Amino acid sequence: MRTAFDAAGPWNFSANNGEDKDDEAGSHRYRAIFISDLHLGTPGCQAEALLDFLRTHPSDTLYLVGDIVDGWQLRRRWFWPQSHNDVVQKLLRRARKGDRVIFVPGNHDEFARGFVGHHFGGVEVVEDAVHRTADGRALWVTHGDYFDGVIQCAKWLAYLGDNLYEFTLKLNRHLNSLRARLGLPYWSLSAYLKHKVKKALAYVTDFEEAVAAEARRRGHQGVVCGHIHRAEMREINGTLYCNDGDWVESRTALVEHYDGRLELLQWEGSAHPAARGQQAMPAAPTVVARAWGAA
Ligand SMILES: [Mn+2]
């Protein structure tokens, strides 16, 4: 139960509370963190969980691997709550404090591709990057949309895809009320979607293999990308493929420890700071996968 004391007392660790002294006690610093597909500007963005994660996970370098701000959705409908503002402030603040923040734009924030080579409040905007791990291995960092055949061939088709699911549901409703009036049986949307999912899985594999192959062609040992909202870490023909996932569904991040160890993390976070108790101990992230490093 939430009480007035929670809001006013020492248990209040809301986004703007003590923002500028943000001590790192109890938090875990990484050599690098990679996150992507935040989709700020959409109701799906899990901004509160992300703030919680960023607050408790500082890093020397932070890579923003595209689709950070969803320019496509914002153009259709303005949606910008305080928590989304807090995320942007948090990211800028990290850069101001001296941590490196590198922004690799994606297709949903492709407006930023016009600013490649520039700095904004200490945030470096680059087309792609090569991250050198502590043990000297090279990770190519790219959003991944260049490997998306549909987007590369026809941009309008991709816009359509974004709204297709919503449209399908609406269409199905109308179609079935019409079918009912004509005395026809219900047409199963779920059967249709199952078929779509099977095709989608084939697409995912194709995507992963194409990205890994390009990293290998460029002479890197691995790659970090996002775009398909599917967190993954696995070797593909000797190249490490890492997808840092998203902050719409999976709440995942790729991190590098100081010894070069890579981990794919999932952040459950904490529902309410009071639940953590007086010490405000951050919840530990779940390690989904590990690779490289001294082992
Ligand atoms: Mn994308």
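How many helices and strands does the secondary structure of the chain come to? The answer is seven helices and 13 strands, where helices (H or I, at least four residues) and strands (E, at least two) are DSSP runs numbered from the N terminus. Please keep in mind that this is a predicted model, in which local features need pLDDT of at least 70 and side-chain atom pairs count only at pLDDT 80 or more, while totals for chains, interfaces and linings use all residues. Residues are numbered from 1 along each chain as its sequence is written.

Let me turn to one sheet, an open one of five strands with mixed pairing, in the order E6-E7-E8-E10-E9; two strands pair if DSSP finds at least two bridges between them. Strand E6 (129-132) and strand E9 (232-236) are at its edges with a single partner strand each, so one side of each has no neighbour in the sheet. For E9, the pairing with strand E10 (residues 239-243) is antiparallel and runs over five bridges, and within it glutamate 235 is opposite leucine 240.

Valine 224, leaving aside neighbours within four places in sequence, is in contact (C-beta atoms, placed from the backbone, within 7 Å) with residues including Phe34, Val65, Cys242 and Asp244.

Definitions and conventions: Two residues are in contact if their C-beta atoms, placed from the backbone, lie within 7 Å.
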